[in-house]
Amino acid sequence: MEIKAGMKISNMNNLRTSTETRKYGVVGGLLFRGEDQFLVTCYHCVWCDGLSWDSFNNEQNIEKTKVGIFDGDWYQLIGHIEYAVRDEFADLALIKIDKEQNVEIIEQNLLNCLNHAKPPERDYSDTILNIRGVNGRCKFGIFSGYQNRVKFEYEQEEHSFSELITISQNGIFFDEPFAVKGESGSFIKCGTDEIIGILLGADEENKTFFALPYQAIKNTINQWLNQDIIS
Amino acid sequence: MFSLLLFQNSVANLQTADLWVTVVVILFTLSLIAERIANLIKLHIPSLREKYQDTTREKIRERRVIWVAVGCGLVVASIAKADFFHLVNHGDLSETYDPKLVPGIILTAFFISLGSKFWHDMLDIVMQFSNLKKYQAMNQYEEVEKTKSSIQQSNRKNIQDIAKSISPRLQDIPHFNGYKIVSYQSGNNAIQLFFTQLPEKIEEELVWMKDKMKNERIEIEVLIAPKNELYGN
């Protein structure tokens with residue numbers, strides 16, 4: 001199977017009666033370290049009952065960490081959650097691709113590669129951002145600043161994030177929403193193709209979308225991999 | 001403030017430079033027409049067309065040519081109602097004939113009889129001057145914008161510090177759902193407070209916050225954001 005940004009990703013233990021009720025997000029992009037390849041998405045997209053929100057441990061819960069990608073017909077097992085965290089800075093998971101699973105990673109196809117990400121260097125006021133949502137469709141929104149202490153409900157439990165990027169609906173040019181449910185984990189890029197964050201959620205009533213900022217993603221991943229793998 | 005005055009001054013200079021470009025373009029055009037007519041006359045009168053070996057006669061011929069050029073300039077300036085004073089003051093030609101225009105028209109005639117080459121060179125000089133002024137004005141505009149932006153950024157930094165200091169108390173307010181610092185184009189900054197629903201004692205909290213930031217020009221906006229949803233489906 002060939003993996004592309006925007007494909008649905010889910011925990012294989014979220015056994016439900018049909019794929020429609022399965023909890024899923026999307027593949028944001030790729031990260032590699034030596035021969036290891038990781039897919040990047042949000043933790044809540046690949047979470048399942050039995051995994052801890054606050055202290056993820058893949059050794060204790062090896063069976064619960066299996067992750068699959070929807071190939072158009074069903075979810076195909078591609079690997080397992082290697083690292084995951086949900087703290088005040090990030091809600092992030094790295095899915096390590098199992099080599100036995102016959103998964104084809106073509107870097108050029110998976111356009112969003114964190115290894116080559118550039119840090120945002122300027123103020124993005126009013127910049128039009130784009131997202132590669134479900135099935136790789138590109139949609140547009142407008143950067144509208146940062147919001148602090150934003151709360152989300154995780155399975156009846158409230159969790160607040162220290163700082164999130166806020167994106168408003170680009171109503172001038174496009175009527176369709178910047179993001180829809182199921183697109184958590186998508187990378188958000190600016191006009192110059194720099195990755196500035198990962199979609200997390202939205203305040204649907206005010207048409208405001210929230211994303212994890214690049215800095216938080218970078219700090220979390222570099223800490224996991226014990227090296228400055230992201231510049 | 002000083003840089004703003006400087007900027008206004010440079011905008012005025014820029015407008016003056018643009019006026020001179022217009023004046024020179026008009027004079028250049030009129031001189032082209034007058035020169036063409038003068039050439040036609042010269043070609044049809046042998047005493048003006050043919051040069052003399054004798055210096056005295058040649059000087060007389062040259063004087064006559066100049067007078068023909070001035071005459072043609074006068075005709076062209078009269079037809080175009082090109083009063084020099086009106087041109088310099090308004091940057092365009094007069095709309096009606098008026099005896100008051102006569103001195104100005106005569107002056108214009110003398111100017112356009114200087115020839116199109118002269119006015120072409122003059123146009124080059126004025127254009128260079130105008131571009132230089134534009135460049136200077138742009139530089140000063142950028143400087144003013146930079147100053148404005150750095151003031152706004154320093155204010156924003158103050159607000160961020162204030163927001164951080166009041167953040168623990170904000171989180172204790174029921175239904176609190178985050179805050180955002182926004183900068184408006186007017187230069188004002190505001191803290192937007194989000195609540196899932198309006199808390200009962202919000203007025204007291206606002207008074208406390210206003211008290212905390214009494215030395216700053218910061219607005220507080222209370223907004224209702226009912227529920228944030230994760231987008232993992």
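Leaving aside its neighbours within four places in sequence, which residues is A211(A) in contact with? The first view below gives the partners. The model shown is a predicted one, in which local features need pLDDT of at least 70 and side-chain atom pairs count only at pLDDT 80 or more, while totals for chains, interfaces and linings use all residues. Residues are numbered from 1 along each chain as its sequence is written, and chains are lettered from A and ligands numbered from 1 in the order in which they are written.

**View 1. A211(A) and the largest nonpolar core.**
Beyond the four places on either side of it in sequence, A211(A) is in contact with L164(A), I165(A), I167(A), I188(A), G197(A), I198(A), L199(A) and L200(A), two residues being in contact if their C-beta atoms, placed from the backbone, lie within 7 Å. The largest nonpolar core has 59 residues, and I9(A), L200(A) and A211(A) are those that touch the most other members. The largest share of this core, 6 residues, is supplied by β12(A). Another core, of 20 residues, lies apart from it and includes V24(B), F111(B), I112(B) and W119(B). A nonpolar core is here a set of buried Ala, Val, Leu, Ile, Met, Phe, Trp, Tyr and Cys residues joined through C-beta atoms within 7 Å. A residue is buried if 20 or more other C-beta atoms, placed from the backbone, lie within 10 Å of its own, exposed if 12 or fewer do, and partly exposed in between.

**View 2**
Strands, like helices, are DSSP runs numbered from the N terminus (E, at least two residues, for strands; H or I, at least four, for helices), and two strands pair if DSSP finds at least two bridges between them. Strand β3 (residues 29-33) of chain A runs antiparallel to β4(A) and is joined to it by 5 bridges, with L39(A) in β4(A) as the bridge partner of L30(A). The hairpin of β3(A) and β4(A) has 2 residues between the strands, and in this hairpin G34(A) takes a positive phi near 60 degrees. Strand β7 (residues 91-97) of chain A also pairs with β4(A) in the antiparallel sense, over 4 bridges, and here F38(A) stands opposite K96(A) in β7(A).

**View 3. The side of chain A that touches chain B.**
Here 29 residues of chain A are in contact with 15 residues of chain B. On the chain A side, the elements that give two or more residues are β2 (24-26), α1 (43-46), β9 (138-154) and β12 (195-203), and β9(A) gives the most, with 8 residues. By class, this side has 11 nonpolar, 10 polar and 8 charged residues, where Ala, Val, Leu, Ile, Met, Phe, Trp, Tyr, Cys and Pro count as nonpolar, Asp, Glu, Lys and Arg as charged, and the others, Gly among them, as polar. Between the chains, β12(A) and strand β4 (residues 229-230) of chain B pair in the antiparallel sense over 2 bridges, and A202(A) stands opposite E229(B) in β4(B).

**View 4. S144(A) and R149(A) in strand β9 of chain A.**
S144(A) counts as buried because it has 20 C-beta neighbours inside 10 Å. Not counting residues up to four places away in sequence, S144(A) touches T166(A), I167(A) and S168(A); the C-alpha atoms of S144(A) and S168(A) are 6.2 Å apart, although the two residues are 24 apart in sequence. R149(A), with 22 C-beta neighbours inside 10 Å, also counts as buried, and it has a positive phi of about 55 degrees although it is not a glycine. Most residues other than glycine have a negative phi.

**View 5. R61(B) and H175(B) in chain B.**
Chain B has 7 helices and 4 strands, and 19% of its 233 residues count as buried. R61(B), in helix α3 (residues 55-80) of chain B, counts as partly exposed, with 18 C-beta neighbours inside 10 Å. Its contacts, leaving aside neighbours within four places in sequence, are S47(B), L48(B) and Y52(B). H175(B) is found in the loop between α6 (116-172) and β1 (176-183) of chain B, and with 16 C-beta neighbours inside 10 Å it counts as partly exposed. H175(B) has a positive phi of about 70 degrees although it is not a glycine.
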